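Please look over the sequence and the structure shown here before reading the points that follow. The briefing is meant to be read with both in view.

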Amino acid sequence: MFLDFLNNVNGFIWTYIIISVLLGLGLYFSIQTKFVQFRLFGDMFRTLFEKESFSKQQKGTSAFQAFTISTASRVGTGNLGGVATAIAAGGPGAVFWMWVIALLGSATSFIESTLAQVYKIPDKQDGYRGGPAYYMEKGLKNRKLGVAFAVSIIFTYGLVFSSVQSNTIRLAFEDSFDVQKGVMAVVLTALSALVIFGGLKRIARVTQVVVPIMAVIYLIFAFGILLFNLTEIPSLINLIVQNAFGIREIAGGGFGAAIMMGIKRGLFSNEAGMGSAPNAAATAEVSHPVKQGLIQTLGVFTDTIIICSATAFIILLSGDPSEYMNTDLESIQLTQNAFAGHLGDWAGIFVAIAIFLFAFSSIIGNYYYGETNMQFIKNSRLNLNVYRVAVLAMVVFGAMAQMSLVWALADLSMAIMALINLYAITRLLKVLKVVLADYMKKRKTNDKTKFSKEDIEDQSGIEMW
């Protein structure tokens, strides 16, 4: 009954509001920033690998650590289980719409993460704090809106998304190792507790090691499969595009399903515009806010264009795509079967281990987003510990619950969260354009001077710099 209610509400919000807002604003932001996600693509890599991105700062995390924290949250269930769910419900055409939302949404990601840097505040424990709640209060002078967003991200990331991750881990281990729900719940809860009670520095240390390693190993296997099927890639891309716009799909109602699932799972995976990654972006010590905006934009490309695409190609290469739209397998189990079909039964076990690392690191990253927003509402040790216990409870819930229920909760909560954040960054676009212009001016003259709020006219609400 409750699941039916959630599905009805999600159907209305996503069909009539979210899809048009995400695509429309993504295009609008791209135009307003002169397609910054493409014209400064090279700067993303230069910024990520420049010396200051790896330096041990006295305050805050390094730019690279901030990148790995946000990537830990991005790269997870969405890349393996979410892609499979999108293809199962929306067909191959859903992959095309995942690409679209990533390419347009990367401009949105750039804006929100740059603004998070502009309006970050000092934090006694970890250096800096910030994110949408902070730029709503400091930039828009609207604390009530900031609190509303803080509540939404605490619920969405700290609680609901953590249950999605634990649910996917449980399904993967159930399929490969026949591990019981209760056992998986206990193991995940214990491991999560060890990390989240250690603070941001421990989160940064864990993700800085785990994220690159797990991503590289997964991509080696994924691209190895694609290399052996290289001649099939052009026809595969043609299949995806045809199903995204095909007359047959439009006539049969599959066109809407492809858009819906592609954008839903694309947003879940890369988080562009949701207001999550800016919380990690704000913790970084960089010489200019735009640099962290560029680094977080690179995270969107990495997540969807590379990792999600690799997973989608492997699934589609493993057999008739229609088989995946008529199966009892759930989420990650589709991906496990696809890998097993290419590499043998052992590959399903590999995927189970990979999703454990991907999803567990996402639980860690998700937790931090909730923590920094708990501090925004009220910096209370008691409230923080209550939140930590609630996160662990949702990890248990996810490991035990029905897959469709946790995904339905995720769809609804991230829609509400995205709408609040998109409203705020639209209002603050003028600030972003001024900061971006300052970066372009210094870039043109090779001026390595650190950004200062004195460089811009409107300095209200900016505490740092």
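The model is predicted, and every value below was computed from it. The protein chain comes to 20 helices and two strands, and buried residues make up 61% of its 465 residues. Among contacts between residues at least 6 apart in sequence, 84% join residues that are at least 24 apart.

**Helix H1**

- With 31 residues, H1 reaches 42 Å from its first C-alpha to its last, which is close to the 45 Å expected at 1.5 Å a residue.
- The helix carries a kink of about 50° that is centred on Trp14, and Trp14 is itself one of the buried residues of H1.
- After H1 comes Lys34, which has a positive phi, near 55°.

**Aromatic pairs and cluster**

- The structure holds 18 aromatic pairs, and one of these is formed by Phe12 and Tyr16, whose ring centres are 5.3 Å apart with the planes at 45°, so the pair is tilted.
- Phe12 and Tyr16 both lie in helix H1 (residues 2–32), where they are four residues apart, about one turn of the helix.
- In an α-helix there are 3.6 residues a turn, so residues three or four places apart point the same way.
- Phe12 has a relative accessible area of 48% and is therefore partly exposed, whereas Tyr16, at 59% relative accessibility, counts as exposed.
- Phe96 and Phe245 form an edge-to-face pair, with 5.0 Å from centre to centre and 70° between the planes.
- This second pair links distant parts of the chain, since Phe96 belongs to helix H6 (residues 93–118) and Phe245 to helix H11, 149 residues apart.
- Phe96 counts as buried because its relative accessibility is 18%, while Phe245 is partly exposed, with a relative accessible area of 42%.
- One aromatic cluster is formed by Phe173, Phe177, Phe356 and Phe360.

**Charges over rings**

- The charged end of Lys120 sits over the ring of Tyr128, at 4.0 Å from the ring centre.
- In a further arrangement of this kind, the charged end of Arg143 sits over the ring of Phe376, at 4.6 Å from the ring centre.

**Thr156**

- Thr156 is placed in helix H8 (residues 143–177), and because its relative accessibility is 1%, it counts as buried.
- The side chain of Thr156 reaches the backbone oxygen of Ser413 at 3.3 Å.
- When neighbours within four places in sequence are left aside, Thr156 is in contact with Phe161, Met414 and Met417 as well as with Ser413.

**Asn229**

- Asn229 has its place in the loop between helix H10 (200–228) and helix H11 (233–245).
- Leaving aside neighbours within four places in sequence, Asn229 is in contact with Leu317 and His342.
- The C-alpha atoms of Asn229 and Leu317 are separated by 8.0 Å, although the two residues are 88 residues apart along the chain.

Technical notes:
Residues are numbered from 1 along each chain as its sequence is written. This is a predicted model: local features need pLDDT of at least 70, side-chain atom pairs count only at pLDDT 80 or more; totals for chains, interfaces and linings use all residues. Side-chain values use heavy atoms; hydrogens and water are left out. Contact means heavy atoms within 4.5 Å. Rings of Phe, Tyr and Trp (its six-membered ring) pair if their centres lie within 6.5 Å; planes under 30 degrees apart count as stacked, over 60 as edge-to-face and the rest as tilted. Buried means under 20% relative accessible area, exposed over 50%, partly exposed in between (1.4 Å probe, protein chains only). A charge sits over a ring if NZ of Lys or CZ of Arg is within 6 Å of the ring centre and within 35 degrees of the ring normal. A polar contact is a pair of N or O atoms within 3.5 Å; within protein, one must be able to donate a hydrogen and the other to accept it, and residues adjacent in sequence count only if both atoms are side-chain atoms. The expected span of a helix is 1.5 Å times one less than its number of residues. The bend at a residue is the angle between axes fitted to the seven residues ending there and the seven starting there.
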